[in-house]
Each structure stands twice: as C-alpha cells, then as structure tokens.
Amino acid sequence: MKFKVLDDREGQVIRTSKQGTVAVTCDKASAAGSVSQRACTFCGSRVVLYPIADALHLVHGPVGCAAYTWDIRGALSSGPELHRISCSTDLREREIVLGGEKRLERSLRSLIARYLPRAAFVYATCVVGVIGDDVAAVCKRVEADVGIPVIAVQSEGFRGTKRDGYSAATRALLQLIGTGDIDSVGPLSINLMGDFNVAGESWIIKEYFGRMGVEVVSVLTGDGRVDEIRRAHGARLNVVQCAGSMTPLAKAMQEKYGIPFIRVSFFGIEDTAHALYEVAERLSNADVTRRAQEIVRAELGKVLPALKEFKRDLQGKRAGLYVGGAFKAFSLVRALRQLGVTVALAGTQTGSREEYEELQAVCDENTVIVDDTNALELANFLVEQDIDVFIGGVKERPIAYKLGLGFCDHNHERKVPLAGFEGAVAFAREIHATATSPIWALMPRKSTSARVAKAKAVTP
Amino acid sequence: MSCATEDEAFHATLGDATINPCTLCAPLGAALASVGIRDAVPLLHGAQGCATYIRRYLISHFREPMDVASSSFGESQTVFGGESNLHRALDNVVRQYQPKLVTVATTCLAEVIGEDVGRLLRNYNEKRSTHLPVVPASTPSFKDGHVEGYHAMVCALVEALATQRGPQAGSVNILPPILSPADLRHLREIADAYGVKPTILPDYSETLDGVILDHYCPLPNGGTRVEEIAEMPRALATLDLTLTGKASRASTLLAERGAPARILRLPIGIRACDGFCDTLGEISGKVMAEWLEKERGRLLDAYADGHKYVFGKRVAVYGDPELVAGLAGFLAEIGARPVLCATGARNRALRDALADLPAGAVEEVLEDTDFGSIETACARLKPELLIGSSKGYRVARTLAIPLLRAGFPIHDRLGAGRLLHVGYRGTMQLFDSVVNTLLDAKQSSSAVGFSYL
C-alpha cells in the first residue's frame, strides 16, 4: 500500500530545501489514531522530577501509571535511590466512587515514615483530575505534620502534551527553589539544568566545571537532592541543557530571582567546548576562561585521534534521529557531521516552531523533518531516505531493526554516558558498532539488492 | 495471615500504597490479546500516554514493533466525551493500517467519565458505507490488571466474533493464558501431532516473534484469522488453560455455542502435560506421536539425573496466576517446595488452583500483591531460588537469591519471546535451568570450586 502522511498531520512533516525554512506545525495534541511515539502530561512531569533521588515520588491513581514508570530512566544517584522505587496509591473502584483523598493521605504518611525522604512529590493522574481529589490540600495537610515539603504535581495525562507536563514539573520545582540558605554560594556559581544524569552524564559535566573553578549549586535534576534544589536561587547563572523541559523554569527563575540563563548542549565535542566557553564568558572571569581553554585543549587532544578512527569507517553513512527535544537534535546533527555522517531524517516529540526553524537551518537540504511522528512514518522515511543508522529510544528501536538497520539509544535507557568529550567518543563507538556491524549485510533488504545487483552484473 | 515481622506489620498497615507493582494495567492485557488476531489493531480509548507506555513496555519484552493507537483525549474530550476523537482515531487507523479488525479497550479515564463505547461504535458504523469490525472491551484499571484485561478481551472477541453454527469441524480451540510466542508455537505443534487443527486465541506467536523481511509490514504477519474465530463454536472442544476466578470464561461462551469446554492446567510438568496430551488423545482418538513420547521419556530421564539437586529446595514463584500455578505444580512434582506463590492478579484464582498440591508444599500465597510484599515474605520464608519475571530482580539482588527468569515481563535479558515453558520440551528447559541456576549458585559460593557437579 502506498504510504501517505495522515491529513491530520499535514504541516508536521516537511523537507528542508535551499529556498529557506518553512513553518512546521507543532506543539499540538497528537492526532487521534496516529500511533504517536509521544506519551502524556504525566510522562513530562515524571521524567523531569524522576532523578531527584532523596524525594518520595508517589503516583496518585490506578496502578498502571506507576508500574510503567518504575525504574524507567537510567538516571544514576551517588547516594539515596528513592527514585528507583515505584509507589502508587493504586486507586480502586471504592475510591473512584468515594474519592481518593483519604487513601492518598494514609499512603503519604506511611511512606514518608518508612522512607524518610527530604521531600515528596505527588503526581496526579487522569482519574484524579476527574474524580476531583484536592491533592494540593492533602499535601499541605501532610506537610504541616511531617516537616518536609510535600508537593502536588498537576500532571493529569489529558491536560495537554508532554510539554505541559514539563510546565507542571516547573511549578513543582519552583515550590522548592528559594527555600534554602544561600549564604555560602559564591559568585562563580551555576545551576546545571536539564541534565538527568543518565548513565552518569551529570558527573562528567560537573567534573569539567570543578576543574574550571565553577561551583555547581544544583543539578536539575540529575543525581538531584532536595536541599541542593532549595538553594538553586543562589546561583549566578542557569546553564540549560535540555531546553524543552527546562526553559520554562529558567525563565521563571530569571523573572523571580534575576538569574540569567544560557542554552547549551554537552553532546558532541563542538557543543561541549562551546558550552564551557560560554559559561566562562558569562561568568566574566579570566581564570575560568583560561581553565576552560585548558580543558578543551587537553580533552580534544585525548579524543580527536579516536574520533578520527571512527570517522574513517563512518564517512558517508546516513543517519536518522527522533528525540524528545530539539536541542539534542541540533547537537546530534553536528556531532554526526563531525563523524562524516549525514542526517537525512530528524524529528522531535516536543519541538517548538522556532526550534524547527533552527533544525532546518542546521540540517542539509532534502532532510525530512517530522514533529510528533508515528511508527509508520518513521518506517517509511527510514527507507525513503536510505538511512544506515537510526538514533532514538526504545519505541523506535524495533522499527530500525525490522528494516535491518543500525540503532543507537539516546534516550532514558542508555547505559553508556554520551555527554562531554569522553561521551562524544562513546557516542562514536556506539554508532560505529551498530552502523558497521557485519550482520546487516545478511539482512534481506541489503542482501536482496546485492543479489539483484550481482545478477544484473553477470547478465550481458 | 499472621504478621511475623515488623516489616510485614508495616505492609499490613500500609495497605493503601502499592510499592513496586506486580501487575500492569488492564488495557495492556487487552492490547496484547489483540495483537494475536491477524490484521488487527488495538486502540485505547483515553489519553495518549496509556498507549505509549504500554507499547514501550511490550517492546522492551518482545523486542518487536508494537503499534497501539489512542483516541488521544485532551481536556475537552474529558469534559464533553470522546466520541469525535474515537471516530477520528478509527478513521486514521483504517487509513494507515487497513485492518480487518480494530479492538477498543477503555482506559481509566474513559471509564470514569462513563463513555458508552458500544454506542459510540454503533454510531461510527452507521455513518460509514462499509462496516468496520470493531470489538470493544471494558478494561478499567481501577478494577483489573493486565491478566484480567487479557481475559476480558479474549471474552469480548469470542462474544462478538465466534458466531458460526454448523457441522462440527475437525478443529480444537485452545485458550492460552499470557505465554511466550515459543509456547504458542509449541502448543500448536502438539495439537498438530494429534491431527486436530488448533485454533489458538490469541496467537501472537508470529506477530510478536517475527522474521526480518526486505520491507516493513505495518501489520506484522500471523495471528488468528477473524474467520477462524468465527468457526470456534464448531470445534470438537475448547482446551481452556486460563484461570479467571469469578470472571466469565471465553470457554463457557463457546460451550453455550457448541464447543464443549475442558478446563486444564497449564501443561508444565509431566502430570499437567499428560493431562493436556491425554485430552487431545481423547478428542482426536489418536495416540501420542512418537516424537512427543520420546520428549516425555527424555524429560523423565532428566528428572532422574537431576532430582537430588532440587529435592527440598525452597522456591518463591511469582507472576501471572496460570504460570505460577503451573510452575508450582511442576516444582512439587520434582520434589522442590514452592514455598511462596505470589501474583499481582486481582481475580483471586491462584489459591484455588494450588489446592491440589501436596499439603505443606506451599507455605504462603499472595494475591493482588506487590514486590514490596513479596520481598518481605521472601525475607521471612528464605527461598533458595526465585522464579518469575525480571521485575523480581530487585528482590533477588537485595536478598542475594538467584533468579530464574520466566514469564512476562523480561526486560533485562534477550530472547523473552523464545523462552519455552510448556510441554515436555518446555518443562525440560525449565528443569535444566532450575538445576543449573542452583548449581551455579552453589559453585560460585563454594570455596573449593568443584569442576564436576
């Protein structure tokens, strides 16, 4: 059957051209029946707050929402691991009829008594929004007794898109920020925002800042700690990595506390170097700048030879990528270009109109750009654009493999850190391992075309 | 049940909160059942996240594409109802997949706002020039888990589609619980050996364990045909391997329509496999095929070789009720002790299913439970082996008990779809794995490091 993009998704799929950028339709609810790769508002809130390791995360609703987000992200902690437990109020018919507030309150009190968290987040799910539980009131009541912040997250799945979940998480975080003592925070200080310490990536980035003499007041939210987040308003600069999820919070902190923010990325050597320089520049300190230069020089010296090796094998390969936010997409396009790999398909779950303009600008012409795409579109464009390696998350993986192409997980479940200079090498190694694996030559799509070509060659 | 430790007392008082769930939600089971029907697309009526989370969860287990559509509720559908979104979703599913069947399972949200899905679907088909077969099932997760959702969808499919009357066909219906694709293939192989054509409902043995082709299939090949489901009342019998508690059985419906029901244990272990094979023999009038007889013999031979390694071993088993009951029967048969049998299923079918085990073999049964409670029970019962899904890994790691992965889900190993649990052959694989897991634990903890065991 001939593939056609759904009418409901018109404007969400475009092709880059020399004629300049076009407006991509985006930031709207997923088309019904589209089989979107995107989740819901709850998901947006849950992924942002998830890595806070000394907080209790209680999902208020029927059991599914908690079950699916149990230990779902590879967000590491250097200490407590409360974030890796899945707690649910597991609402049943009784509560649907009579309300779930009592059950929520009992659950909260007993869980807090058992796990002694530094704060508690209560995530509202679809059902809670309909039955009308006053989650905020319960949280307030419990908070008054237990002496830790108990924060309601208004994350009912139907409230909007994953982006709206980011906003709900922002509102939750703003209740913590500003409540800690900042007397000891120095002038050369930042918050690292939108890094979730997947596979230990925050640790790599923090180490660079340590060498630069820059104090990281808090990471939002990788290897997150409640007390650090409470002091986040003491930092002089907000350094935003995952722009999609954290720009609303950075903007709010600018307004409320006068902290400026910059958007950076630590994926790829170019972007990492640029990020370190930019932080140094914004902190206006000559020593910091000098140390940033030293780090970049030293690290590049270590990684460039390795990257060169990988590039030799990867030159001319074609990549597709489908990621959560656009800033990661920009970085990946540049990082892949560094490896001699062309991006011919790029998309995001939550990109904004401006971000899609930038994505078009950073991509070569004739690249397919997709917003909130679905499985069939991806399968179609992977073939149409003759992709060799696809970069995405778990839901995209089997699409690539069924087509007999390489795949690299750049989402929650990656186990290898891909950020910073050493991460750039790890990324190259991952791409290399999958794109140059000898197994693909055995797959029907490749071996059939090879057989056809061979047959043609021998026919006079 | 007495609370033997402080920790357990805590769990009892906790009551309300579930810690590390041992169940998924009902629409997951419904979607999984639907994938076992040829050219069917599952659609969930509710917010987008449910479908996406379920896809991700199933993909991590089967490592296969898994498309589940959603009617993608927003605020306005939540307030005013989701009819137009459901219709639009059906339109878009038809446009993209051209399915022969769409199943619609309700999410909590649709249930809470009181959507009458049956009526919405009738309205949909009235508007269309061609009739689209759509089977709805009510699957509220504030009531049911994935096991009950799976059974509900199988029932709904039979109710709606198994309508043909007429002369008896030489076929036999098999209603399996949630099994691996390899299990489903093997059940077919055994039925084929008795010369009866099996109609397995659902059968995702191909759709969720597919081959690589030179093109992408929007709908994977395989699955039970809608026409085969229609013929199910004309089968010689229905072999029902499920445990549904008080919920209605698809086999009862089929019996009312003509195919007598035989409720059997999941064929794991010599006795349960004999029960399954004998029933097929009885129905077909044929004796056991030579290859099957040989597999049975080899299994007995393996039992003899390994019986001392497993005798008296304390084992904790958890997962879906059918598998837990099957494994418990097998363990008791080989002289091991299934001291803890636990399930997150809510249908209260497990305890009864364990009733015919030797007295004292099972020390504790947990139903509608979570891994928080399973961990507490294990700390007290001190099993030497855990058997169940990969979600028990945390318990195994905390308590330093070896874990043998079985059932669903398995998110930390390759080949979950190829794990064989049923038949003499599947039992043999389980038996070898049980013995070898115990030997491995013994070897690694031994100061000597014996090289013959």
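1. Begin with the contacts. In chain A, take those between residues at least 6 apart in sequence: 73% of them join residues at least 24 apart. Keep in mind that this is a predicted model.

2. Next, burial. Chain A has 460 residues, and 59% of them are buried.

3. Now the secondary structure. Chain A holds 18 helices and 14 strands. Its radius of gyration is 23 Å, close to the 23 Å that the globule rule gives for 460 residues, so chain A is as compact as a globular protein of that length.

4. Along them, the C-alpha atoms of chain A fill a box of roughly 90 × 60 × 40 Å.

5. One sheet deserves a look. In chain A, six strands make an open sheet with mixed pairing. To trace the sheet, follow the order β1-β12-β11-β10-β13-β14. Which strands of chain A are the edge strands? They are β1, residues 13-15, and β14, residues 406-409. Each of these two pairs on one side only. From one strand to the next, the twist averages 15°.

6. Within that sheet, turn to β10 and β11 of chain A. Strand β10 covers residues 318-323, and strand β11 covers residues 342-348. In which sense do they pair, parallel or antiparallel? The sense is parallel, and the pairing runs over six bridges.

How values were computed
Residues are numbered from 1 along each chain as its sequence is written. Chains are lettered from A and ligands numbered from 1 in the order in which they are written. This is a predicted model: local features need pLDDT of at least 70, side-chain atom pairs count only at pLDDT 80 or more; totals for chains, interfaces and linings use all residues. Helices (H or I, at least four residues) and strands (E, at least two) are DSSP runs, numbered from the N terminus. The radius of gyration is taken over C-alpha atoms; the globule rule is 2.2 Å times the number of residues to the power 0.38. A residue is buried if 20 or more other C-beta atoms lie within 10 Å of its own, exposed if 12 or fewer, and partly exposed in between; C-beta atoms are placed from the backbone. Two residues are in contact if their C-beta atoms, placed from the backbone, lie within 7 Å. Two strands pair if DSSP finds at least two bridges between them. Axes are lines fitted to C-alpha atoms, for helices over the stretch in contact, and angles run from 0 to 180 degrees between N-to-C directions.
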